[in-house]
Amino acid sequence: MLLVAGGIGALALIVSALLGPKKGTRTKLMPYESGNDPTGTARERFPVHFYLVAMLFIVFDIEVAFFYPLAVAYGKLGAFAFWEALTFVLLVLVGYVYILKKGVLEWR
């Protein structure tokens, strides 16, 4: 199954390279809505720092969705719900401390 998924991904990249535009058009080189002129190309890689922050945000965002049912059933769950929520917050905090030590949130 993993081989099929990898093949589909590779096929998509090959077809995109073959059928996609080879050079920018006047429309694609126009300034963005913010008024800034576009720099670079769409093929540039994002720095790894972007992915660290994005993954941490996704984990936080998905887990927060589970806080609602926890809050609804808090009366029945009691201390277990409190310690479970506290554990989650501490684990997310560990992730933030890690990316802070890596210097990911420093704007350059």
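How many helices and strands are there in the protein? The protein contains 5 helices and 0 strands, where helices (H or I, at least four residues) and strands (E, at least two) are DSSP runs numbered from the N terminus. The model is predicted, with local features requiring pLDDT of at least 70 and side-chain atom pairs counted only at pLDDT 80 or more, whereas totals for chains, interfaces and linings use all residues. Residues are numbered from 1 along each chain as its sequence is written, and side-chain values use heavy atoms, with hydrogens and water left out.

Along the sequence, the elements follow the pattern α-α-α-α-α. Of the 108 residues of the protein, 10% count as buried; buried denotes under 20% relative accessible area, exposed over 50%, and partly exposed the range in between (1.4 Å probe, protein chains only). Among contacts (heavy atoms within 4.5 Å) with a separation of 6 or more, 53% are accounted for by residues 24 or more positions apart. The protein exposes about 9,900 Å², of which carbon and sulfur atoms supply 71%.

Helix α5 (79–102) has 24 residues and reaches 35 Å from its first C-alpha to its last, close to the 34 Å expected at 1.5 Å a residue; the expected span is 1.5 Å times one less than the number of residues in the helix. The buried residues of α5 are Ala81, Ala85, Phe88, Val92, Gly95 and Ile99. These buried residues pack against α2, α3 (67–72) and α4 (74–77). Just after α5, glycine 103 adopts a positive phi of about 80 degrees.

Valine 92 is classed as buried because its relative accessible area is 8%. When neighbours within four places in sequence are left aside, valine 92 is in contact with Leu56 and Phe60. The C-alpha atoms of valine 92 and phenylalanine 60 are 6.8 Å apart in space, although the two residues are 32 residues apart in sequence. Leucine 93 also lies in helix α5 and is partly exposed, with a relative accessible area of 47%.

The structure holds 3 aromatic pairs. Rings of Phe, Tyr and Trp (its six-membered ring) are paired if their centres lie within 6.5 Å; planes under 30 degrees apart count as stacked, over 60 as edge-to-face and the rest as tilted. One of the pairs is formed by phenylalanine 60 and phenylalanine 88, which are stacked at 6.1 Å centre to centre with 15 degrees between the planes. Because phenylalanine 60 lies in helix α2 and phenylalanine 88 in helix α5, this pair ties together parts that are 28 residues apart in sequence. Phenylalanine 60 is partly exposed, with a relative accessible area of 34%, whereas phenylalanine 88 is buried at 12%. Another pair, between phenylalanine 82 and tryptophan 83, is edge-to-face, with 5.0 Å centre to centre and 75 degrees between the planes. Phenylalanine 82 is partly exposed at 40% relative accessibility, while tryptophan 83 is exposed, with a relative accessible area of 52%. Ring pairs also link Phe60, Phe67 and Phe88 into a cluster.

A nonpolar surface patch of about 890 Å² is made by Phe60, Val64, Tyr74, Phe82, Trp83, Leu86, Leu90, Leu93, Tyr96 and Val97. Patches consist of residues with over 30% relative accessible area and no salt bridge, like charges being joined within 9 Å and nonpolar side chains (Val, Leu, Ile, Met, Phe, Trp, Tyr) within 5 Å. A salt bridge is a side-chain nitrogen of Lys or Arg within 4 Å of a carboxyl oxygen of Asp or Glu. The elements that give two or more residues to the nonpolar patch are α2 (48–65) and α5. Helix α5 gives the most, with 7 residues.

Note on methods: Areas by Shrake-Rupley, 256 points an atom, 1.4 Å probe, with all protein chains shown as cover.
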